[in-house]
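Welcome! Open your viewer, keep the selection tool handy, and let us walk through a few stops together.

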Amino acid sequence: MSYLQAIILAIIEGLTEFLPISSTGHMIIASSIMGIATDPFTKLFTVAIQLGAILSVIVLYWKRFLPGTKTLPELITFYLKLFVAFLPAVVCGLLFNDFIDALLENITVVGIMLLLGGVLFLFIDKLFNDTGKSDEEPSYFSAFKIGLFQVIAMVPGVSRSAATIIGGLTQKLTKKAAAEFSFFLAVPTMFGATAKKLYDYHKEGVTLDAPHLSLLITGNVVAFIVAMFAIKSFINYLTKHGFKAYGYYRIAVGLAILILYFAGYKLSIV
């Protein structure tokens, strides 16, 4: 992987991590187009650079994560709800790690999931409007149910952001509150996923040399900067316009992938 390829992937990650269009799916597509080899470091990189994007959440919403505007009991409750929502992904990630890794190499799955999710998005705004919804944090039980939705996003192309936002909408949250809780839940989720990938990488007997470490640092910095701009733009657009545009985008990209695949073009990561 070259520095240019790493920067392109990081820009894609920063733009798409918080949009309901699947950041992993887009990085798989980009990796396929650029011909990036599927080796242990590539798999680590596509997960680890999500950490840079997630750090932007902590910076932008630092008042939610640090003592200040919240009392200590409120802050503890906030973290406990994140932990409860995070648990389903931990359990399923440990149980189905190999299966998930195999799916990450299958671009056909990405195309199908983008397409199906896009069709769903065309109707989400009618199914869930903000009338009578709450801007407050979800209850513990609601947080757990949102965490169950996050498990679905382990299938590449589903989108972690999309799954958890929809999960929040089913729990009577407004679009803004559902999106923000999705951002907050991404913090422990991606920290955990990155730690797991680093452990797997080490267990395989591979060590991070200086060039690989430099690529990871570059990717995380770029993803962090891009995500800072993407988060606020997404919140503003979502509250004003809803999901329909993302639905059309997902359908277009999903169809393009499937058409190219069935036309004989090699889109899987080499």
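Select I225 to begin: I225 is partly exposed because its relative accessible area is 44%, where buried means under 20%, exposed over 50% and partly exposed in between, with a 1.4 Å probe and protein chains only. You will find I225 in helix α12.

A note before moving on: this is a predicted model, where local features need pLDDT of at least 70, side-chain atom pairs count only at pLDDT 80 or more, and totals for chains, interfaces and linings use all residues. Residues are numbered from 1 along each chain as its sequence is written, and side-chain values use heavy atoms, with hydrogens and water left out.

Helix α12 (residues 210-241) gives the largest share of the patch, five residues.

Now select helix α11, residues 175-203. Its 29 residues reach 41 Å from first C-alpha to last, close to the 42 Å expected at 1.5 Å a residue. Zoom in on A186, where α11 has a kink of about 30°, shortly before the proline P188; the bend is the angle between axes fitted to the seven residues ending there and the seven starting there.

Stay in helix α11 for T189. Is T189 buried or exposed? T189 counts as buried, at 11% relative accessibility. Show the side chain of Q150 too: the T189 side chain makes a polar contact with it at 3.1 Å (a pair of N or O atoms within 3.5 Å, one able to donate a hydrogen and the other to accept it).

How values were computed:
Helices (H or I, at least four residues) and strands (E, at least two) are DSSP runs, numbered from the N terminus. The expected span of a helix is 1.5 Å times one less than its number of residues.
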